[in-house]
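Take a moment with the model below. We will walk through it piece by piece.

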Amino acid sequence: MTTQMSIDPNSLSARELARRIKTGELSATSVIRATLDRVARINPGINAIVQDCAAEAMKDAEHLDARIAAGDAVGPLAGVPVTIKVISDQAGYATTNGTTLASDLIATQDSPFLRNMRSKGAIVIGRTNTPAFSYRWFTSNKVHGTTLNPHNPALTPGGSSGGAGAATSAGLGHIGHGTDIAGSVRYPAYACGIQGLRPTHGRIPMFNQTGGDRPIGGQLMAVSGPLARSVDDLRLGLEGMSGYAPEDVWSVPMPLRGPDFVKRVALVTHPGGINTDPRIVADLERAADIFRSAGWTVDTPEIPEIREAVQLQIDLWLSDDHGAKLAAARKEDDPGAIALLEHYADRAASIDMAAFSQLFVRRAALIRAWRAFLENYPVVLMPVSAELPFRKDEDLEGSETIARLWESQLPQIAIPLLGLPAISICSGVENTIPSGVQLVSAPWREDICLTAGEVLEQGFGLPQITL
């Protein structure tokens with residue numbers, strides 16, 4: 001067995017890295033040591049990893065090497081370095097969700113998706129930052145500080161999984177764990193120039209013993225999902241995180257691969273009438289040409305209603321005890337969380353029982369329309385956002401700016417309400433500014449997202465490690 005690294009682990013995909021570790025060409029200890037050394041060099045400049053797991057990671061790597069030496073069978077993520085967002089339980093670490101209020105909330109067991117990853121050989125090298133309460137598309141808080149975008153510190157790394165996006169972009173782990181309720185996987189991937197997958201709700205089990213269902217579950221279709229530098233690493237991350245867990249009331253044991261599908265794409269450059277940036281429109285047109293060159297059919301049909309889905313998603317969020325959320329934000333004294341919640345305070349107060357009931361009636365109608373549309377168009381190609389990545393903390397510039405940012409994020413906010421999987425694919429980085437496109441498929445058809453994502457990845461090129 002090789003005990004010293006002769007190559008950079010980041011030069012290999014997660015799948016190839018695991019293969020070499022399982023065959024003894026590389027040792028898990030050397031891979032994890034090299035990764036931790038990179039974390040020590042790079043992370044202080046971007047503050048992506050905010051809870052240190054180095055000692056435990058080395059013990060896990062030594063144990064894995066011993067098992068391999070003994071001839072034990074190990075999983076498909078054997079020795080792959082991963083990061084976990086601080087919103088989720090990991091035994092022995094605080095599930096802070098970016099708040100001082102939860103800085104002493106120590107988990108006694110792993111969240112089920114993490115149990116799945118570890119059972120398949122993944123090794124956690126660190127826990128990544130999120131904005132307070134995971135509310136924003138910007139990543140800063142009072143307990144862990146601010147995470148910077150590795151491409152350009154003047155830009156947001158995205159949020160709420162901004163630490164995962166920055167870490168993965170900078171080569172601090174092959175697969176980052178994130179959560180997505182309104183783009184919190186897809187937007188950090190977009191802003192940091194990598195790939196990110198939001199699975200179908202129920203695909204990846206989530207449950208926090210420290211906080212029950214409310215922090216990351218419930219009616220708003222929050223999910224865990226992987227971020228990575230290649231689509232195949234996303235696929236491996238999805239395989240590693242997935243699996244039925246009885247403690248998650250939303251968990252469903254669905255197969256990861258569905259039947260064959262027609263290679264037909266619906267190109268939508270301005271969903272809901274958003275004012276899409278010209279560079280993003282050009283990226284979408286390039287993506288359409290890549291599909292056509294690969295033998296796919298690309299049409300420009302009218303899509304079902306999407307703007308209403310955003311409004312319903314916002315109202316569902318606001319109806320979930322907005323007053324308690326605002327009180328907690330004020331107690332935390334987090335300016336970003338306070339600004340967002342105060343921006344919507346009057347709207348939250350206007351939601352009565354009749355309006356709340358009607359939300360679910362309309363959601364069912366929209367879901368039905370979208371499922372019918374996706375029977376004919378298995379892939380919808382649309383923007384991740386109407387704008388290129390926002391400036392750092394741009395949402396602190398006032399209520400008018402918040403309104404503009406939420407308008408631009410329509411393609412992200414709508415998808416969770418509709419119960420659909422979606423993938424963010426990097427289209428390139430120009431003058432330190434990343435961009436990308438989004439692909440949406442039918443429920444439980446992450447395999448279509450990944451297959452289509454690989455077609456675009458081959459045309460756009462693999463994202464490159466920053467720093």
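Is Glu454 buried, partly exposed or exposed? Glu454 is partly exposed, with a relative accessible area of 23%. The cut-offs are simple: buried means under 20% relative accessible area, exposed means over 50%, and partly exposed lies in between (1.4 Å probe, protein chains only).

A word on the ground rules. This is a predicted model, where local features need pLDDT of at least 70, side-chain atom pairs count only at pLDDT 80 or more, and totals for chains, interfaces and linings use all residues. Residues are numbered from 1 along each chain as its sequence is written, and side-chain values use heavy atoms, with hydrogens and water left out.

Now the salt bridges. Each is a side-chain nitrogen of Lys or Arg within 4 Å of a carboxyl oxygen of Asp or Glu. The count comes to 29. In one of them, Glu454 pairs with Arg235, and their closest N and O atoms are 2.9 Å apart. Arg235 sits in helix α7 (residues 231-241) and Glu454 in helix α16 (residues 446-460), so this pair ties together parts that are 219 residues apart in sequence. Arg235 is buried, at 19% relative accessible area. Helices (H or I, at least four residues) and strands (E, at least two) are DSSP runs, numbered from the N terminus.

Another salt bridge joins Asp320 and Lys325 (3.6 Å, N to O). Asp320 is partly exposed at 23%, while Lys325 is buried at 14%. Asp447 and Arg445 also meet in a salt bridge, at 2.8 Å from N to O. Both Asp447 and Arg445 are buried. Salt bridges with shared partners also link Glu387, Arg391, Glu394, Glu397 and Arg404 into one network.

Next, find strand β13 (residues 433-440). Seven of its eight residues are buried. Two strands pair if DSSP finds at least two bridges between them. Strand β12 (residues 422-430) runs antiparallel to β13, with eight bridges. Ile425 has Val437 in β13 as its bridge partner. β12 and β13 form a hairpin with two residues between them. In that turn, Asn431 has a positive phi of about 55 degrees. Strand β11 (residues 379-383) is also antiparallel to β13, with four bridges. Here Val380 is partnered with Val440.
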